[in-house]
Amino acid sequence: MHASNIENSIKIKKKKPLKIYNVKRALIPWLFLIPGLFFTILLRYYTIFQGLKLAFYKYNLADPPGDFIGFKNFEYLFKNKAYWTAWYNSFVFFGLIIGLNFFIPLIEALLLAEIVKLRSFFSTLYILPAVIPLTVNVLLWRWIYDPSYGIANRIITIFGGKPMLWLSDVHMVKFCIILPGVVGGGLGVLLYLAAILGVSEDIKEAAQIDGCAGFKRLFYITLPNIKFMIFIQLLLTTMGAFQLLDLPFQYTNGGPGDAAQTVSVLIYHLFTRNFDYGQASAASIPLLLVICIITFIQLRLNKEEKV
Amino acid sequence: MVKKTVSLAIIAALSVSLLAGCGTKKVATNTTKKVTLTLWEQAATKTQVQTDLEASFMKKYPNIKLNIVEQADMGTSAYLSAIAAGNAPSVMGGGYPTAMAYIYDNAVMPIDDYIAKTPDFKNFVKDQVENFLVNGKHYAIPTGKYTMGFLYNKPLFTAAGITAVPTTWDELEADAKKLTIPAKQQYGFGLDGTQWASWHLEQFVWEAGGDLSKKNADGTATLTFDDPAVLTAANFYRKLKAEKVIQSNANAQINDLLKDFANGKSGFIVSGLQSMVAVTLVGMGMKSEDIGFFANPKGPSGKTYSQIGGDVMMVTVTKDKAVEDAAWTYLMYMNSHDSADKNLKDQASKGPIGAGILSRTDLKNSDYGAVNAELQKAMDDSNAVGHNEYYAKGAVGSVADDAVAKWFADPSVDVVKTMKAAQDAANAKELKDFNAGVLAAKK
């Protein structure tokens with residue numbers, strides 16, 4: 001009896017510190033997570049839900065949030081031609097970014113991976129434009145594109161061509177805005193290059209022994225092994241393309257006319273020029289949904305391929 | 001009986017003192033309650049006179065404390081965001097378009113009750129006060145008036161052999177051609193068709209014999225974006241563009257055009273006629289003696305018009321009546337005869353006063369030294385043909401601006417269809433809200 005009591009007390013004594021240790025172990029990560037979670041909820045999710053709420057109000061500064069007007073903000077937006085033009089522009093930018101800024105860095109990285117000499121030099125050359133602040137880059141390119149004194153027209157006229165309007169041409173402006181991203185290469189090239197160089201040497205050697213070289217090696221070895229990087233880049237590029245604000249805003253403020261006005265630029269103008277917080281919030285909801293749908297499709301396709 | 005009388009007397013005395021106490025307390029709420037006014041300022045542009053006036057204001061009204069906030073961005077967006085965030089300045093200034101935006105966004109409060117109680121307000125120029133009458137309510141204390149006209153570069157005019165300023169659209173076009181020298185990257189006319197596009201266009205539309213809107217008998221507005229005069233003005237813009245006598249950069253904003261003008265890249269630009277414009281250009285590197293001024297030339301209607309506007313100060317909307325009262329007191333003090341006199345003397349001590357149309361009837365520019373005769377003439381000529389902005393512009397202006405920017409940028413765009421589409425869009429929302437506000441104010 002006595003012995004069993006002692007045994008029990010030992011068991012309890014043994015269990016107690018273990019329990020505290022377990023609780024501590026369970027709590028500590030949460031303690032570290034809580035500040036981050038708190039600010040994420042406050043600064044991200046709270047603002048998203050506030051935005052959702054504002055979309056149904058005719059915002060009144062004097063007495064916020066103003067009058068509840070149901071779907072009126074959406075109704076007006078959907079009837080407004082400028083809104084659909086902004087969507088058209090966003091899709092064109094998406095196409096241009098995928099076509100130019102997404103694939104070309106991949107090709108550049110594949111070529112870089114093939115050379116041994118001067119690889120570091122070219123890698124540095126590609127990363128440099130990414131180090132230059134965007135605004136500086138934009139100012140530089142605006143000067144290059146200037147129809148009166150820009151270097152682009154100087155070069156064209158030297159070769160006997162006719163000067164062009166570049167950013168002032170409604171048909172060229174989107175291309176002109178995206179082009180500098182291709183010329184520089186930037187971070188995308190380095191990310192792809194790192195992934196390509198990370199492909200195991202064993203796999204490469206095995207492929208070589210099996211006679212897999214040239215394009216075969218590219219399609220059956222390299223690309224499948226860097227699929228994860230291509231997929232992440234595709235996701236990020238898609239989201240960035242639909243949220244595109246900084247480039248068209250800094251180059252032309254969405255102009256000339258509304259030729260470069262993306263949905264994000266339109267939302268920005270509704271907020272800061274028209275001060276129509278309700279309508280700006282309403283315009284951001286379909287954008288959020290479209291990005292979510294496209295991202296979901298991409299994730300789904302990636303999952304199906306894995307299966 | 002005596003006891004009863006004494007008791008009644010005590011009760012009466014207590015009641016009187018109690019009532020007196022209530023009265024005293026009520027007065028104390030209005031006059032002695034400590035109030036803090038927040039002011040947005042920029043040290044770089046603040047004068048010593050302004051600092052002295054603020055100090056003397058706080059001495060005169062010890063219950064009102066001025067909380068000076070150094071604010072780099074004093075733009076419309078920053079101001080409206082500050083109201084939404086609850087940390088806005090108690091008073092705010094701006095030009096006509098900005099002030100109108102604040103009024104339509106309920107950012108500033110009507111001041112009719114204060115005007116009624118302020119005898120000094122009768123000394124402000126009536127038409128400048130009435131310029132900011134919206135839905136039967138006044139919102140602003142005028143601090144200066146501007147008229148629209150043209151600035152020109154005198155040396156470039158001389159070099160081009162132009163001896164007189166243009167007085168018609170045809171002369172304007174001819175002069176713009178003479179001033180355009182592609183080899184020097186010099187163009188004739190800096191024309192804004194992008195940023196506040198309908199602001200500059202409206203004058204061309206008036207000169208073509210039409211308007212962008214009309215005021216109905218009940219105070220509501222009807223938009224006339226498809227007025228034939230709009231097409232006439234648009235065709236004139238497009239002709240100038242096709243002839244390449246305006247800036248080649250279709251995205252150029254007002255500030256870009258000002259920079260080009262200051263750097264001798266353009267011959268003339270549309271601008272508000274004010275001494276401050278010249279000061280801005282001198283700040284950009286232009287010599288003050290190189291800046292010339294002329295009133296708007298006549299259009300196809302044989303008439304000329306000048307949009308008149310003004311700079312104003314307004315009281316930010318707040319739920320604290322004591323802050324509103326203090327803000328009004330502050331504004332009236334800073335714009336009183338004595339304060340304005342001190343400011344004008346200070347300006348005169350730094351150089352010629354320039355020219356201008358003051359907001360107070362009891363002050364004259366000429367009392368403070370020499371005025372720029374050419375600028376004063378251009379201002380007086382413009383003022384004589386003064387025209388308020390197209391009716392309801394504060395509500396529909398951004399819609400019209402976008403439409404103008406669209407056909408200005410792309411020569412293949414149909415002007416009439418674009419303007420009609422913009423009109424339909426504005427009718428569905430902005431104008432609908434505006435007219436509802438007008439009718440509600442009448443009830």
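Okay, hi everyone. Just so you know, what we're looking at is a predicted model.

Let's start with chain A. It's built from 14 helices and 2 strands. How does the radius of gyration of chain A sit against that of a compact globule of 307 residues? For the globule you'd expect something near 19 Å, but chain A comes out at 28 Å.

The chain exposes about 18,900 Å², and 70% of that comes from carbon and sulfur atoms. And if you take contacts in chain A with a separation of 6 or more, 63% of them link residues 24 or more positions apart.

One more thing on chain A, the charges. There are 28 positive and 17 negative ones, and their mean positions sit 10 Å apart.

Now let's hop over to chain B and zoom in on Asn296(B). You'll find it in the loop between strand 11 (291–294) and strand 12 (306–315). So is Asn296(B) buried or exposed? It counts as buried, because its relative accessibility is 8%, and the cut-off for buried is under 20%.

Who are its partners? The Asn296(B) side chain gets to the backbone oxygen of Tyr305(B), at 2.7 Å. Leaving out residues up to four places away in sequence, Asn296(B) touches several others, including Met148(B), Phe150(B), Gln203(B) and Glu207(B). Thr304(B) and Ser306(B) are among them too.

That's it from me, thanks!

Methods: Residues are numbered from 1 along each chain as its sequence is written. Chains are lettered from A and ligands numbered from 1 in the order in which they are written. This is a predicted model: local features need pLDDT of at least 70, side-chain atom pairs count only at pLDDT 80 or more; totals for chains, interfaces and linings use all residues. Side-chain values use heavy atoms; hydrogens and water are left out. Helices (H or I, at least four residues) and strands (E, at least two) are DSSP runs, numbered from the N terminus. Buried means under 20% relative accessible area, exposed over 50%, partly exposed in between (1.4 Å probe, protein chains only). A polar contact is a pair of N or O atoms within 3.5 Å; within protein, one must be able to donate a hydrogen and the other to accept it, and residues adjacent in sequence count only if both atoms are side-chain atoms. Contact means heavy atoms within 4.5 Å. The radius of gyration is taken over C-alpha atoms; the globule rule is 2.2 Å times the number of residues to the power 0.38. Accessible areas come from the Shrake-Rupley method with a 1.4 Å probe; for residues, only the protein chains shown count as cover. Lys and Arg count as positive and Asp and Glu as negative; His and the chain ends are not counted. The place of a charge is taken as NZ of Lys, CZ of Arg, CG of Asp or CD of Glu.
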